[in-house]
Every structure is written in C-alpha cells, then in structure tokens.
Amino acid sequence: MSKKAPAAAASLLRLVVPAGKATPSPPIGPALGQRGVKSMDFCKQFNDRTKNVESGTPLPVIITVKGDRTFTFVTKSPPTSFFLKRAAGIEKGATNIGKEHPFVGKVNLKQVYEIAKIKQADDGMGHLELKGICSGVIGSARSMGIEVVA
C-alpha cells in the first residue's frame, strides 16, 4: 500500500513593495525563491496591477504561495504613516516625542477623516466604525510627533 505525500500547506508572505517598482532583487526575490516561486512572475503581475497607483507608493502585499508553487496576492492601501507624512508635508516622523520635544508637523481633522476613509476600504476594516479608525489615525500621528489640530 503506497502512501500519498500530504499536500503542502499554503504559506503566507507579507511584504511592503513600492507600487510599480517591484523587482526580483531583495527582499522580493529571496522571499519568493525560498518558496519555489519565480519572482519575475510576481513582479510583472504586481507592477501591472499597481500601474494606476502613484509610482513608489509603499503597498503592503499578502502573497499566498500554494503547495504547487502557484501564488495569489492581495494589495492593501498604503500604511497610515505614509498618508500622515504626506499630509503633514514631512519626510519622516519625530525621533523623540513628548512634552519637551516639538511637533514635526501638523494635520487637521479633515485630513485624518480622509485617511480613515481610505483605510476603511481595506479588507478587515469595513466592519469598524469610522470614528474608531479616526482614533487610530490620531494615535499614529501622535506617536510620529505630528500634531492634530481642529
């Protein structure tokens, strides 16, 4: 009686890739190569799918690699920190935060609301109230040293 090899379980891979700029170089190439997937195939599909997004925008990607070495991927909206830095007009967040350290930028509540609406469209966020997502965006802003004004 021969035994069948168990089907290989699917593995999940989470990466942040710039829109339209996926290349088989690290970190994409080695991560997919370890799982037996041709990184060039992923790069072509990703760049094609993200051609309408502003080039260079960091997009979180969840790649599911199946046992037969095929893959599917889902792109999410850019990280909240990306939107906050862009809205505040800064290059990076504060290195030190607190009462004795100045804020590095400012965003208003309208900008926070717009960011929250974009984040609500992500899978897994649709069931959350917009008020709760806004609170999370405000918390992210404060942790980056960005002041939220009315």
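Select β1 and β2 to begin: eight bridges join these strands, which run antiparallel. Strands here are DSSP runs of E with at least two residues, helices are DSSP runs of H or I with at least four residues, and both are numbered from the N terminus. Two strands pair if DSSP finds at least two bridges between them. This is a predicted model, in which local features need pLDDT of at least 70 and side-chain atom pairs count only at pLDDT 80 or more, while totals for chains, interfaces and linings use all residues. Residues are numbered from 1 along each chain as its sequence is written, and side-chain values use heavy atoms, with hydrogens and water left out.

Now pick P18; its bridge partner in β2 is P58. The three strands form an open sheet in the order β1-β2-β3, with antiparallel pairing. At the edges are β1 (11-18) and β3 (71-75), each of which pairs on one side only. From one strand to the next, the twist averages 25 degrees.

Next, show α2, residues 39-49. This helix lies across β1, β2 and β3 and runs at about 35 degrees to β3. Axes are lines fitted to C-alpha atoms, for helices over the stretch in contact, and angles run from 0 to 180 degrees between N-to-C directions.

Move to the salt bridges, each a side-chain nitrogen of Lys or Arg within 4 Å of a carboxyl oxygen of Asp or Glu. The structure holds three of them.

- Select K51 and D48: their closest N and O atoms are 3.4 Å apart. K51 is exposed at 59% relative accessible area, and D48 is partly exposed at 48%. Buried means under 20% relative accessible area, exposed over 50%, and partly exposed in between, with a 1.4 Å probe and protein chains only.
- Select E54 and R86, whose closest N and O atoms are 3.3 Å apart.
- Select K119 and D122, with closest N and O atoms 3.7 Å apart. Both of these residues are buried.

Contact here means heavy atoms within 4.5 Å. Just after α3, check the backbone of G89, where phi is positive at about 70 degrees.

Finish at α5. This helix has 14 residues and reaches 20 Å from its first C-alpha to its last, close to the 20 Å expected at 1.5 Å a residue. The expected span is 1.5 Å times one less than the number of residues. Which residues of α5 are buried? Select I133, C134, V137, I138 and A141. They cover an arc of only 145 degrees around the axis, so they lie on the same side of α5. The arc is that of the directions from the helix axis to the C-beta atoms. An α-helix has 3.6 residues a turn, so residues three or four places apart point the same way. The buried residues of α5 pack against α3, α4 and β5. Just after α5, G145 takes a positive phi of about 85 degrees.
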